[in-house]
Amino acid sequence: VYFNLFYLIPNYLARNVALYLGLVIAACVVVTPIKVLVLYLKFSAIPQMQNNLVEVQESLYLGSLLVVLLSTVLRVLTDWWRYQREKQTLQTQTIQSELRFLKSQINPHFLFNTLNNLYALTLKKSDKAPEIVLKLSEIMRYMLYECNEKQVLLSKEIQYIHNYLDLERLRQPKGADIQFTTEGFISDQMIAPLLFVPFLENSFKHGLNHHVQGGGYVHLHLRVHGDDLEFVAENSKAEKLPRQEHPRSGGIGLVNVRQRLHI
């Protein structure tokens, strides 16, 4: 059995099953007569036992073969079980790594856009700049300290959306219609963090940000019904879009959301 487990199986079973079976039979053919001889000498004082050994030699050959093959089956099953556990562990680690990567794409993406807005206001020496810094501080505190968990409270995500929209209200010209409504019972439900960020960003990036004369709207509605959540983002679109002076960049937001939801 040990010869089979530590030599034959590792070296031959996976490469050539026919050769492996041939070597198993050969090993039994070699080992069994030695076993019979040892037992025959051991029972030299009991002729009846020696006669029995001679008569059941074929059964001893078959018994040796069955024992070796049984050890092979147990080894294969054990290796398969170990492989499944390692595979599951690896898949879990891969998913966790991918989720961390996708989240890391969100945080700098949003921060970059907000700092651009803050920079524009400081150039204008706007009185809104200090308030934006405070709102940005609240948002970054949430993103840095609470969004590292696999799931967060839905109520905290909703508060995050409110803070985000407060930032946008400070930045947008007067007359912009920004609304966010919720429907349904919101208590202790959990949700993956920052899933709504790309929808929020796109509503302004492709909507209100292009309304040069002011006006326009972003209407957001979040509805909770049992274990289902529906989020609708609707925005106006300017009649004339500004000329694209730089190569188009970005586009990771919605792809990111799809990947995270899939995982």
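Contact here means heavy atoms within 4.5 Å. The structure is a predicted model, in which local features need pLDDT of at least 70 and side-chain atom pairs count only at pLDDT 80 or more, while totals for chains, interfaces and linings use all residues. Residues are numbered from 1 along each chain as its sequence is written, and side-chain values use heavy atoms, with hydrogens and water left out.

**Exercise 1. State which residues of α7 and α8 meet, and describe how the two helices pack.**

Step 1. Helices (H or I, at least four residues) and strands (E, at least two) are DSSP runs, numbered from the N terminus. Helix α7 covers residues 197-205 and helix α8 covers residues 253-262.

Step 2. On the α7 side the residues are P198, F199 and N202; on the α8 side they are G253, L254 and V257. Sorted by class, this contact holds four nonpolar, two polar and no charged residues. (Ala, Val, Leu, Ile, Met, Phe, Trp, Tyr, Cys and Pro count as nonpolar, Asp, Glu, Lys and Arg as charged, and the others, Gly among them, as polar.)

Step 3. The packing angle is about 160°, and the axes lie 9 Å apart. Axes are lines fitted to C-alpha atoms, for helices over the stretch in contact, and angles run from 0 to 180 degrees between N-to-C directions.

Step 4. Angles under 35 degrees count as roughly parallel, over 145 as roughly antiparallel, 65 to 115 as roughly perpendicular and the rest as oblique. Therefore α7 and α8 are roughly antiparallel.

Step 5. The crossing of α7 with α8 is left-handed (the near helix is turned anticlockwise from the far one by less than a right angle; clockwise would be right-handed).

**Exercise 2. Describe how α6 packs with α7.**

Step 1. Helix α6 spans residues 154-171, and its packing angle with α7 is about 15°, with the axes 11 Å apart.

Step 2. The pair α6 and α7 is therefore roughly parallel, and its crossing is right-handed.

Step 3. From α6, the contact takes Y160, I161, Y164, L165, E168 and R171; from α7, it takes V197, L200, E201 and F204. These residues comprise seven nonpolar, no polar and three charged.

**Exercise 3. Determine whether T72 is buried or exposed, and list what it touches.**

Step 1. T72 sits in helix α4, residues 57-123.

Step 2. Its relative accessible area is 9%, so T72 is buried (under 20% is buried, over 50% exposed, partly exposed in between, with a 1.4 Å probe and protein chains only).

Step 3. Leaving out residues up to four places away in sequence, T72 touches N4, I9, L13 and Y20.

Step 4. The side chains of T72 and Y20 form a polar contact of 2.5 Å. (A polar contact is a pair of N or O atoms within 3.5 Å; within protein, one must be able to donate a hydrogen and the other to accept it, and residues adjacent in sequence count only if both atoms are side-chain atoms.)
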